[in-house]
Amino acid sequence: MHEVSGLDRFDLRLLAALQEEGRLTNQQLAERIGLSASQCSRRRAALEAAGVIRGYRAELEAGAVGLHVRVFIQVTLSAHSHDNARRFRDLVARLDEVQEAYAMTGDTDYLMKAVVPDLKALSVLVNERLLPHESVARVRSSIVLDRLKDTRRLPLPA
């Protein structure tokens with residue numbers, strides 16, 4: 001049996017099926033991966049308990065709910081200290097517009113992906129929420145013109 005990080009081929013097939021359609025019942029999973037529904041239920045529960053499956057959610061189309069501008073924002077901190085980094089992380093946690101945020105190597109300290117309704121909302125985010133914050137020295141934003149690929153699926157081994 002092929003294993004990756006303690007996962008066997010049935011676990012990987014179960015995960016691949018759930019990545020494709022998170023609403024599958026245990027019976028539907030069983031039919032797809034060749035196990036019984038009860039085995040699928042136990043495996044799914046174990047993968048959830050282990051944190052391999054982090055959750056289930058509906059994927060919303062941003063434009064359909066009025067969020068038409070997708071932007072990547074690079075932030076450089078004013079000082080590189082534990083307290084300053086904590087203050088910035090606390091700020092990011094309060095910004096609902098920010099979908100993802102990463103601490104980075106290189107010239108930029110943080111990279112964030114955000115969605116906003118329009119350019120005015122982007123201006124408010126950058127000029128009234130990020131730039132005035134004591135932890136922030138510099139902000140650069142890049143507006144997304146076209147999305148070439150959008151997936152949350154992980155490339156699991158076959």
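1. Start with one pair of residues in this predicted model: Val 71 stands opposite Ala 114, which belongs to strand 3. Now look along the two strands around that pair. Strand 1 (residues 69–77) and strand 3 (residues 110–116) pair in the antiparallel sense, over seven bridges.

2. Strand 2 and strand 3 run antiparallel and are joined by five bridges. One of the facing pairs is Ala 103 with Tyr 110 in strand 3. The hairpin of these two strands has six residues between the strands, and in it Gly 106 takes a positive phi near 95 degrees. As for how covered strand 3 is, six of its seven residues are buried.

3. What about the inside? The largest nonpolar core has 21 residues, and those touching the most other members are Ile 73, Val 75, Phe 88, Met 112, Leu 125, Leu 130 and Val 139. At least two residues each come from strand 1, helix 4, strand 3, helix 5 (119–130) and strand 4. Strand 1 gives the largest share, five residues. If you wonder about the general pattern, nonpolar side chains tend to be buried together in soluble globular proteins.

4. You'll find Ile 73 in strand 1. Is Ile 73 buried or exposed? Its relative accessible area is 0%, so Ile 73 is buried. Leaving out residues up to four places away in sequence, Ile 73 touches Tyr 110, Leu 111, Met 112, Ala 114, Leu 125, Leu 130, Val 139, Arg 140 and Ser 141. One of those contacts, Leu 125, also touches Leu 95, Glu 97, Ala 114, Val 116 and Leu 130, again not counting residues up to four places away in sequence.

5. His 133 sits in the loop between helix 5 and strand 4. His 133 still counts as buried, because its relative accessibility is 15% and the cut-off for buried is under 20%. Setting aside neighbours within four places in sequence, His 133 is in contact with Arg 87, Phe 88, Leu 91 and Arg 94.

6. The axes of helix 2 (residues 26–33) and helix 3 (residues 37–49) come within 8 Å and cross at roughly 105 degrees. How do we describe that crossing? Angles of 65 to 115 degrees count as roughly perpendicular, so helix 2 and helix 3 are roughly perpendicular to each other. At the contact, Asn 26, Gln 27, Leu 29, Ala 30 and Ile 33 of helix 2 meet Ala 37, Cys 40, Ser 41 and Arg 44 of helix 3. Sorted by class, that contact has five nonpolar, three polar and one charged residues.

Note on methods. Residues numbered from 1 in each chain as written. Predicted model: local features only at pLDDT ≥ 70, side-chain atom pairs only at ≥ 80, totals over all residues. Heavy atoms only, no water. Pairing = 2+ DSSP bridges. Helix = DSSP H or I, 4+ residues; strand = E, 2+ residues; numbered from the N terminus. Core = buried A, V, L, I, M, F, W, Y, C linked by side-chain atoms within 4.5 Å. Buried < 20%, exposed > 50% of the residue type's maximum accessible area, 1.4 Å probe, protein only. Contact = heavy atoms within 4.5 Å. Axes fitted to C-alpha atoms, helices over the stretch in contact; angles between N-to-C directions. Parallel < 35°, antiparallel > 145°, perpendicular 65-115°, else oblique. Nonpolar A, V, L, I, M, F, W, Y, C, P; charged D, E, K, R; others polar.
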